[in-house]
Amino acid sequence: MASLVNPLFKPISVFIAAAILAACSQNPHHLAAPAGMADLATANLPPAAAEYKTTLTADTAGHQHDSSDAAAAAVVWRFWRDGRQIVMERPQLGLGELWQRDGKALIHRKLYHNDRRAIEFQEDDLKMLGNKPAWQKLALLVDPAVLARLAVGGEEWLDGKPVREYRGTAAGAEWHVVIRLDLGLPVLIERTADGTAEHTEL
């Protein structure tokens, strides 16, 4: 069962790394990563940190691009990643999530900063709840199985930073993803499905 962590849990130490940019592009998915590039097929992506803004737009009248009929909600959130842990924080809501690797085991903590408490889920809890995501999916912020089904653009450079664009339909949604290749981190994720558009960018 999920356990309640000490209400005065210690602050989480995270690795803070470089800032990130955005871009676009267009050709193959499983190329060997050149020197200095992250291998998106591995679960061991380099440490990174980013602040994202996600906007969710619901098409209330069936016209996705008519702003007068669309209800939009935006949330700013932060992401940190190193080889052992992944942290996602939503400062506006006072909420956070921590994922940790302990050998082959995965631990998940839901953080409630306003209440100074956390709920911890051990590996067995996650399996029982059917909520044990692959580390690679957590670290990349996009399911690798989705990326594998999208059309892949060629490598391009923006302000000296390598990026690649992915577009297409997968898992019942339309996707547009741009990934910075040296960090293995998205700079843009757009997903549209069932009348709802989700736009995440740095």
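How many aromatic pairs does the count come to by the ring-centre rule? The count comes to one aromatic pair, and it is shown in the second of the legends below, which describe a predicted model in which local features need pLDDT of at least 70 and side-chain atom pairs count only at pLDDT 80 or more, while totals for chains, interfaces and linings use all residues. Residues are numbered from 1 along each chain as its sequence is written, and side-chain values use heavy atoms, with hydrogens and water left out.

**View 1. The chain as a whole, with its secondary structure and surface.** The secondary structure comes to three helices and 13 strands, where helices (H or I, at least four residues) and strands (E, at least two) are DSSP runs numbered from the N terminus. Of the 202 residues of the chain, 42% count as buried; buried means under 20% relative accessible area, exposed means over 50%, and partly exposed lies in between (1.4 Å probe, protein chains only). The chain exposes about 11000 Å², of which carbon and sulfur atoms supply 53%, with areas taken from the Shrake-Rupley method with a 1.4 Å probe and, for residues, with only the protein chains shown counting as cover.

**View 2. The aromatic pair of Tyr-52 and Trp-77.** By the rule applied here, rings of Phe, Tyr and Trp (its six-membered ring) pair if their centres lie within 6.5 Å, and planes under 30 degrees apart count as stacked, over 60 as edge-to-face and the rest as tilted; the count comes to one aromatic pair. The ring centres of Tyr-52 and Trp-77 are 4.9 Å apart and their planes stand at 25°, so the pair is stacked. Because Tyr-52 lies in strand S2 and Trp-77 in strand S3, the pair ties together parts that are 25 residues apart in sequence. Tyr-52 and Trp-77 are both buried.

View 3. Val-76 has its place in strand S3 (residues 70-81) and, at 28% relative accessibility, counts as partly exposed. Its C-alpha atom is separated by 5.7 Å from that of Tyr-52, a residue 24 residues apart from Val-76 along the chain. When neighbours within four places in sequence are left aside, Val-76 is in contact (heavy atoms within 4.5 Å) with Glu-51, Tyr-52, Lys-53, Glu-89, Arg-90, Pro-91 and Gln-92. Leu-202, found in the segment after S13, is partly exposed at 33% relative accessibility, and the C-alpha atoms of Leu-202 and Val-76, 126 residues apart along the chain, are separated by 9.4 Å.

View 4. Two strands are taken to pair if DSSP finds at least two bridges between them. Strand S13 (residues 196-201) pairs with strand S2 (residues 48-59) in the antiparallel sense over six bridges, and here Ala-58 stands opposite Thr-196. Strand S12 (residues 185-193) likewise pairs with S13 in the antiparallel sense over six bridges, with Thr-192 opposite Ala-197. The hairpin of S12 and S13 has two residues between the strands, and Asp-194 takes a positive phi near 50°.

View 5. Strand S10 (residues 161-170) pairs in the antiparallel sense with strand S8 (residues 151-152) over two bridges, where Ala-151 stands opposite Arg-167. Three bridges join S10 to strand S9 (residues 156-158), again in antiparallel fashion, and Glu-156 stands opposite Val-163. S10 also pairs with strand S11 (residues 173-180) in the antiparallel sense over eight bridges, in which the partner of Thr-169 is Glu-174. In the hairpin of S10 and S11, with two residues between the strands, Ala-171 in the turn has a positive phi of about 50°.

**View 6. Salt bridges of the chain.** A salt bridge is a side-chain nitrogen of Lys or Arg within 4 Å of a carboxyl oxygen of Asp or Glu, and by this rule the count comes to eight. One of them joins Lys-132 and Glu-123 (3.5 Å, N to O); Lys-132 is partly exposed, with a relative accessible area of 38%, whereas Glu-123 counts as buried at 15%. Glu-123, Lys-127 and Lys-132 are linked in a network of salt bridges. Another joins Arg-167 and Glu-165 (3.1 Å, N to O), with Arg-167 partly exposed at 43% and Glu-165 buried at 5%.
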